[in-house]
Amino acid sequence: MSGVRNPHCPPTIQTVKEMAMKMNQAKQISLFASLIFLVTLQPIHMASASYPKNGDSCKYGSSEVVGYNSKSGSGTLIFLRCGRNGTYSPDNSASKIDQKTGTPIAAKTTPSASSNQITDFCQADPQVPAEWVEVQAWDKANRGCSEPFRYVGGNSNFVQPKSKLTSDAQLLNVNECKLADSQSKGPWAATFPRNPTLFTPSLSANFEIIPVQFSDIQANSDPRTDYGKYVDFVMSYLKNTSDVPIHPNVNWIDHYLQLGKSIDFYKLGAGGSLSDNYLNDVLGASEKYYDISNVDQLIIVGPPTTPLSKLYAYMGSLQQKNRAGRTIAVYQYNPTKLQPWIDAQWGFDPNIYVHEQLNHEMGLDDELIQYTGGWGNMAGVMGELLIWDKWLVGFVSDSQIRCVSPTTKSVQWIRPSTIHGNFPKAVIIPLSSSKGIVIESQRSYGYNYKMPKITNGALVYEVDTTKTMNSHPDGESGGSTGVVVESIRPKTKNNFYGNIHFGDAALKLGESIVVDGVKISVIESGDFGDVIQTSKL
């Protein structure tokens, strides 16, 4: 997960990744992925007396602004985002704008006593954990929406559906559903086979927390107190969302290490990067505290009161690999002290660390809401990953995928994708070696507990590895090689529903859709998930 992110409430455009390899053979480390928050961590600036308009020139990577939806300089005020083509275009999925004040209209809050009674994704969670109360309140006051800050488990003691299911003997070999990278787009294409050097927590999960300080900015606090709840949130997410058991091992250096240079020397503010000299100094100061050959990811944290203009969050990796042969990932956290968030919208929210520190570092790229809607963490920057993405990174096993032929009739039972457990969670229909249909059962559990029940159903989407976000029709081109994941919805459904882009995309009981000559129908539905019938027309 672009412009200012405001996922599901409603979500805005996706962050665009600009990866850069700075290979320096004389050094032991190099930057693998450059600045990724240049877009994500920009503020929303309220337009003043003179509003920009759709089609005006802008600087790519700049903040979303309030402006006119027409090119004439009049009409309705909406959020405009700056595309890669250097012009403003409407972000129709963003918050509505008060036409008199030019400020976002906050979504109404409907208090609820139960997670599954939430009727508005943007409402404040009455059961939010105490450590996230302040963050949730800030979200509501400044962005009109609040993120999910806890995990809600569901009952996996399912009642057996009544439908007669197709024998497993009629399933295709699961390898036929592992769509390949047909154009050598690299690890960020997120296809099979998985790049064996990628950060893969399901194989090992050793995290080293390295606190650092600078000659001009120092900390008089405990790193675990400053950053512990953020790290704990990420690790809990890792354990809760993977059906393949993951037991993260987190090692803290218990004090801030002095690097001996000013923070400005390293240029860690907007437009900077995890440069070689910075990483070299961090590794040099910390090397006596751990064995780097055992580390899967280094997490660097700085003094929590550091001005946001001087320290942004970045992702990258070391040139060297660990003993398992996988690249050692690196992630730089934002300072956690709640400040007037002029320079950043996301630095204090644990959901962004899940999206960037885990999901992007595992090789998953953003999925644009213009295609996917607000479904899945890579499109919405919060909540659960789509099952396709979970399968790619090893969070679900081959046995949980029902690989179904597009030419034969099949009836399959898929359990809710958001309930933890080793049971079938997706039907995948391969249309070629590079294109397939994925069907999963969406329910309001896990980190999707804030999805209103009206959004529940069988979510159908198509994965096509021959398409990338470079070909995005609104000018988002030239940066990312992420594979297009496109939600498939009946034409009668709306673009925006339940505060979620494509919120009505999931098929309900009795509904069906035809995708590339394959008819997909929901013939039974309940707390147990969905029974899906597929057949060739």
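A disulfide is taken here as a pair of cysteine sulfur atoms within 2.5 Å. The model is a predicted one, in which local features need pLDDT of at least 70, side-chain atom pairs count only at pLDDT 80 or more, and totals for chains, interfaces and linings use all residues. Residues are numbered from 1 along each chain as its sequence is written, and side-chain values use heavy atoms, with hydrogens and water left out.

**Exercise 1.** Find which cysteine is joined to Cys-122, and state the handedness of the link.

*Solution.* Begin with the sulfur atoms: Cys-122 is joined to Cys-145, with an S to S distance of 2.3 Å. Next take the angle about the S-S bond, which is -90° and makes this link left-handed.

**Exercise 2.** Determine where Cys-177 and Cys-403 lie, and whether they are buried or exposed.

*Solution.* The sulfur atoms of Cys-177 and Cys-403 are 2.0 Å apart and form a disulfide, which is right-handed, with 95° about the S-S bond. Because Cys-177 lies in the loop between H2 and E4 and Cys-403 in strand E10 (residues 401-403), the pair ties together parts that are 226 residues apart in sequence. Both Cys-177 and Cys-403 are buried, where buried means under 20% relative accessible area, exposed over 50%, and partly exposed in between (1.4 Å probe, protein chains only).

Notes
Helices (H or I, at least four residues) and strands (E, at least two) are DSSP runs, numbered from the N terminus.
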